[in-house]
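Q: I have a structure to look at and I'm new to it. Can we go through it together?

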Amino acid sequence: MGIELELPAQFNAADFFVDRNVREGRGEKTAVLCEDRSLTYSQVQAGMNRIGNGLKGLGVRMEDRVALLLLDTEVYPQAFFGAIKTGAVPICLNTLMRPKDYLYFLNDSRARVLLVDASLLDVFDPIRKELRFLEHTIVVNGPAPEWALSFDRFVEGSSSRLEPAPTGPDDSCFWLYSSGSTGSPKGAIHLQHDMVYCSETYGKQVLGVREDDVCFSAAKLFFAYGLGNGLYFPFSAGATTVLMPVRPTPASVYETIRRHRPTLFFGVPTLYASMLQAEGSLDGVRLCVSAGEALPADILRRWVERHHVQISDGIGSTEIAHIFISNSAENIKPGSSGKIVPGYEARIVDENFQDLPPGQIGTLLIKGDSICSGYWNKHEKTKSTFLGEWINTDDKYYRDEEGYFYYVGRSNDMLKVGGIWVSPVEVESCLIAHPAVLECAVVGATDKDDLVKPKAFLVLKEGYTAGPELEQEIKEYVKKQLAHYKFPRWIVFVDELPKTATGKVKRFELRKGQA
Ligand code: 3UK
């Protein structure tokens, strides 16, 4: 069943997640730990207000979009809530993408202001002239080039006092882009009440986040998963978050755990698998959480054997903001996504949207009040995904008699690699542009840990010879064109691709490795 939030007619999420903590006496409590820096809730509030006033000073108004291309540092919470407090709408952008992706995000959203980490500025060189709507670029954590504004100048003279904009629970609050199998990424529009709903449901009832918790998410804040883990769950409870700007490797993650002693740790299956290969301990962690793709039972088994801490697997999505089916500390069923989170409802249906009995595989529909209001400027996609109160997750699931849900696969060809979407179609269109490639098909294949990675089947043009050298060259080529995690981990050279009578590649056969 749903839960009633009973939010007032005037409601601003920045007030709820930041100001409320100060009002309730937690001003001196540590809100953020990042490397050797630490900020109290009062400091986060002051910084948030200065950024909000800075944005207003640039002419940003309610509902204007503000793009954030930031690493996980203490600036992130202040910028995110600073924008929200003024009624503007932050867009959390993935920092691993390529210039053409940012060109799309910024032109599609028509963001007027961008806050960007100095270390990521290079991606704008090739596209800067094509940004049609961006008016101001603010550079964080480093010097600004002549065409941008430094963070210090941006907040210079800004007051640390700011009244929240008169938004309501159903106003736009933030956007997250989600990629699909074909077509451009879709901007999911989340509303002011969505983060509160996730905090009251998964945050409180499954994680049981308390004021004395310290959360550390290896998944970055620009993912819907990381945003909850590392920002609004801890802030909903007046707890502390640990932010780590560097890439999550076993070494950086174990070191951050050693240094800041989190009680809740959030990762994706690939990270858990690689952490099992490295030295390190988890002292102080009471529960680990996994999401993004299914957690193989064997990784869970080896983790518990070594660290004596459980991993709670749960499925969430960008459109629903966070996790809606989950295991919990007290009740973990290896290989299952767990049970429906209180506050959400699930249906498993056939092609005609008829409910299926336990044991039968169908499409998973979800209902719950953190579902985004729709996709920005994508009317057809919005209509086919959001079905009144329900959303079609495009996931194949079955449920057992006891109410545990089991993930079976996707309804489309999309792959989850390290918890992030990869569209085989996008990798194929990159491969086909390589001079040696005549035809290609990309499918998911599992590695030794039973985790999915892209695998490419290639037919070469005449005059090219298959071999490890060409294989390496093609992998490098893809890495240069696309975000790194998208490159094919295996390349198989074939004389021809298996096709149906109508000329469609039989992906099913390739997946079985019959090519
Ligand atoms: C897949 C899973 C099996 C599934 C996310 C936690 O992953 C998140 O959001 P995305 O929009 O992807 C959503 C899709 O990913 N998936 C996610 N978790 C699991 N499949 N087991 C899992 N545990 O296909 C889903 O539809 O990138 C995860 C919280 C917030 C999120 N946005």
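Predicted model: local features only at pLDDT ≥ 70, side-chain atom pairs only at ≥ 80, totals over all residues.

Q: How many residues surround the ligand, and which are the closest?

A: The ligand is surrounded by 21 residues, and the closest are D313, G314, T318, D395 and K416.

Q: What does the side chain of T318 do there?

A: One of its polar atoms, on T318, lies 2.5 Å from an oxygen atom of the ligand.

Q: And which backbone atoms are by a nitrogen atom of the ligand?

A: A polar backbone atom of G292 is 3.0 Å from a ligand nitrogen. For A294, a polar backbone atom is 3.3 Å from a nitrogen atom of the ligand.

Q: How much of the ligand's accessible area does the protein cover?

A: On its own the ligand has 610 Å² of accessible area, and the protein covers 95% of that.

Q: Which elements give two or more residues to the shell?

A: They are α7 (224-236), β14 (311-316), β20 (390-399) and β21 (405-410).

Q: Which one gives the most?

A: β14 does, with 4 residues.

Q: What is the shell made of, in terms of nonpolar, polar and charged?

A: Its residues divide into 9 nonpolar, 7 polar and 5 charged.

Q: New topic: how do α3 and α7 pack?

A: Helix α3, residues 75-85, packs with α7 at an angle of about 70 degrees, and their axes are 12 Å apart. The angle falls within 65 to 115 degrees, so α3 is roughly perpendicular to α7.

Q: Is that crossing left-handed or right-handed?

A: α3 passes α7 in a right-handed crossing.

Technical notes. Residues numbered from 1 in each chain as written. Heavy atoms only, no water. Near = heavy atom within 4 Å. Polar contact = N/O pair within 3.5 Å; in protein donor to acceptor, adjacent residues only side chain to side chain. Areas by Shrake-Rupley, 256 points an atom, 1.4 Å probe, with all protein chains shown as cover. Nonpolar A, V, L, I, M, F, W, Y, C, P; charged D, E, K, R; others polar. Axes fitted to C-alpha atoms, helices over the stretch in contact; angles between N-to-C directions. Parallel < 35°, antiparallel > 145°, perpendicular 65-115°, else oblique. Left-handed = near helix turned anticlockwise from the far one by under 90°.
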